[in-house]
Amino acid sequence: MEIVTRFAPSPTGYLHIGGIRTAIFSWAYAKKNKGKFILRIEDTDMERSTPEAVETIKAGMEWLKLDHDGDIIYQTHRIERYKELIKLLIKQGDAYYCYTSKKELDQLREIQLKEGKKPKYDGRWRPEKNKELPEAPNNIKPVIRFKTPKDGEIRWKDMVKGEIVVQNEELDDLIIARSDGTPTYNFCVVVDDWDMKVTHVIRGDDHLNNTPRQINLLKALNAPLPEYAHLSMILANDGQKLSKRYGAASVMKYRDDGYLPEAVINYLARLGWSHGDEEIFSADQLSEWFDFDHVTSSAAQFDQEKLDWINNHYIKNTATEKLADLIKPKLIDNQVKVIDGQVLNSAIKLYQDREKNMNTFSEDILFFFKQVQPSEELKNKYLDENSKSLVSICIDGLEQQTWTNENVNNFLKEFVKKQEIKFPEIAMPLRTIIAGTDNTPSIGSIIFVIGVKETKKRISSFLG
RNA sequence: GACCCCAUCGUCUAGAGGCCUAGGACACCUGGUUUUCAUCCAGGCAACAGGGGUUCGACUCCCCUUGGGGUCGCCA
């Protein structure tokens with residue numbers, strides 16, 4: 001049988017890292033088994049679903065190259081199908097109309113909670129043998145409830161949590177159609193997974209409590225049961241739930257914050273899954289190695305520092321041209337008018353080993369394209385009369401050189417000898433003037449890339 | 001409150017009863033390389049939540065306690 005997985009987000013907010021990791025695992029499991037990976041938008045909540053959120057989901061999936069099979073499925077396009085099956089359940093006697101108002105339900109919940117009980121619908125409209133139902137009020141539009149079995153238990157072997165048992169008496173008769181006739185989540189999921197032949201339902205463990213309800217529904221529909229895998233949550237680095245300001249933001253925020261998609265995939269996949277001691281792996285490798293035997297059942301904390309480390313790894317190992325394409329727009333955002341491709345490539349090569357983020361990367365090499373003023377603190381630290389005159393002598397000598405990287409660096413070494421100074425005594429003032437900072441790679445190489453003309457220009461404007 | 005899930009270094013994890021003197025990675029610390037910073041290299045610190053069982057033997061299996069998380073919507 002062909003393995004079919006799906007990612008089924010609801011377009012009501014951001015697609016955050018927890019959601020994305022679910023998508024990654026579902027994608028990887030389908031790939032690994034040469035199966036299908038479906039993207040389904042669960043937009044039955046018209047109030048909260050937005051087209052923008054749909055776009056965010058698409059953009060995020062595309063950025064991470066999590067390609068799905070077939071067209072995107074929208075639940076709102078399938079309403080008729082759900083209604084048809086709801087009718088069937090009513091006909092079978094597995095569903096019934098309930099006229100309890102929201103207000104009454106709220107009161108019921110309140111009382112039950114006060115009594116220390118689990119809030120549950122009390123089944124007052126549930127048809128039963130020899131039971132007299134109340135007169136249906138004509139001022140209330142009924143919802144449709146599913147007749148959950150009263151006895152017995154639901155049991156399944158979860159692919160990550162193992163054996164799970166829930167007593168049916170813990171469950172109540174869930175609403176499958178609202179009073180306006182529209183179907184609700186638990187019902188739509190069941191119908192879709194069945195119709196789409198989903199074999200493995202992979203989702204966050206916040207859905208764990210929905211699973212027994214869904215299994216009951218599936219049984220009533222006489223549909224086959226899929227396998228279930230409930231992934232543990234991702235927690236913020238303080239051990240708390242992900243919040244908007246921490247991690248729950250759109251995945252696209254990670255792109256905007258300077259992360260490479262390869263790094264995000266790698267980090268998230270490693271968070272909660274392992275392949276021995278492997279820390280660095282590509283999406284392709286993931287799709288070859290992925291299995292549920294090595295998915296952790298406990299929640300994991302998100303660690304930005306490790307993400308940064310992985311991001312640095314990918315920056316170090318990404319082709320210069322590709323990095324250049326990513327950096328160019330950022331330079332333009334920083335008011336750089338003309339970008340010399342050669343200079344950009346050289347700057348990237350000089351810097352890529354040390355960068356853990358594409359944004360700081362582009363900021364760090366900004367000075368190649370436009371003069372960056374050092375802080376007063378830096379000026380005071382490195383630029384006194386003595387060092388200024390050294391810089392002045394140095395640039396005069398530099399002008400005489402045949403312009404190669406080697407020559408520039410050799411000249412600086414000779415200069416230090418001649419002047420009987422230590423290297424930093426000339427390197428730091430030069431860094432301050434040319435780069436506007438005291439942290440740079442080889443200053444000789446930087447001067448070489450920037451060119452003698454520009455170097456002299458910056459020095460002259462500085463020395464006045 | 002009820003129900004469900006979870007529990008190895010600060011963090012992510014390896015671990016399928018003897019391979020464990022508990023391994024790797026991030027972070028941190030020390031040293032080396034370096035022209036500053038970073039990269040890189042070498043080394044170091046650091047954990048089986050507690051208590052009972054089962055067993056010749058338990059990080060691993062069972063139970064309890066404790067702690068954390070989730071769910072209890074005409075949301076998904």
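Predicted model: local features only at pLDDT ≥ 70, side-chain atom pairs only at ≥ 80, totals over all residues.
A polar contact is a pair of N or O atoms within 3.5 Å. In the side chain of Ser 10, an N or O atom is 3.0 Å from a sugar or linking oxygen of RNA strand B. For Glu 279, a polar side-chain atom is placed 3.0 Å from a base nitrogen of the RNA strand.

The surroundings of the RNA were then examined as a whole. RNA strand B is surrounded by 62 residues, and the closest are Gly 116, Arg 178, Arg 354, Asp 438 and Thr 440. Of the atoms of RNA strand B that come within 4 Å of the protein, 68% belong to sugar and phosphate. Classified by residue type, the surface near RNA strand B consists of 24 charged, 22 polar and 16 nonpolar residues. Several secondary-structure elements each supply at least two residues of this surface: the helices α4 (102–114), α10 (304–316), α17 (423–435) and α18 (443–450), together with the strand β12 (300–301).

One of these elements, α17, also packs against another helix. Two packed helices are described by the angle between their axes and the distance between the axes. For helix α16 (residues 405–419) and α17, the angle is about 125 degrees and the axes are 9 Å apart. Angles from 65 to 115 degrees count as roughly perpendicular and those over 145 as roughly antiparallel, with oblique as the term for the rest; α16 and α17 are therefore oblique to each other. In the contact of α16 with α17, six residues are nonpolar, one is charged and none is polar. On the α16 side, Leu 412, Lys 413, Phe 415 and Val 416 take part, and they meet Phe 423, Ile 426 and Leu 430 of α17.

A further part of the fold is an open sheet of three strands, arranged in the order β4-β5-β8 with antiparallel pairing. Strands β4 (95–98) and β8 (175–177) form the edges, each pairing on one side only. From one strand to the next, the twist averages 45 degrees. Strand β5 (residues 143–146) runs antiparallel to β8 and is joined to β8 by two bridges. Within this part of the sheet, Ile 144 stands opposite Ala 177 of β8.

Key. Residues numbered from 1 in each chain as written. Chains lettered and ligands numbered in written order. Heavy atoms only, no water. Near = heavy atom within 4 Å. Polar contact = N/O pair within 3.5 Å; in protein donor to acceptor, adjacent residues only side chain to side chain. Helix = DSSP H or I, 4+ residues; strand = E, 2+ residues; numbered from the N terminus. Nonpolar A, V, L, I, M, F, W, Y, C, P; charged D, E, K, R; others polar. Pairing = 2+ DSSP bridges. Axes fitted to C-alpha atoms, helices over the stretch in contact; angles between N-to-C directions. Parallel < 35°, antiparallel > 145°, perpendicular 65-115°, else oblique. Contact = heavy atoms within 4.5 Å.
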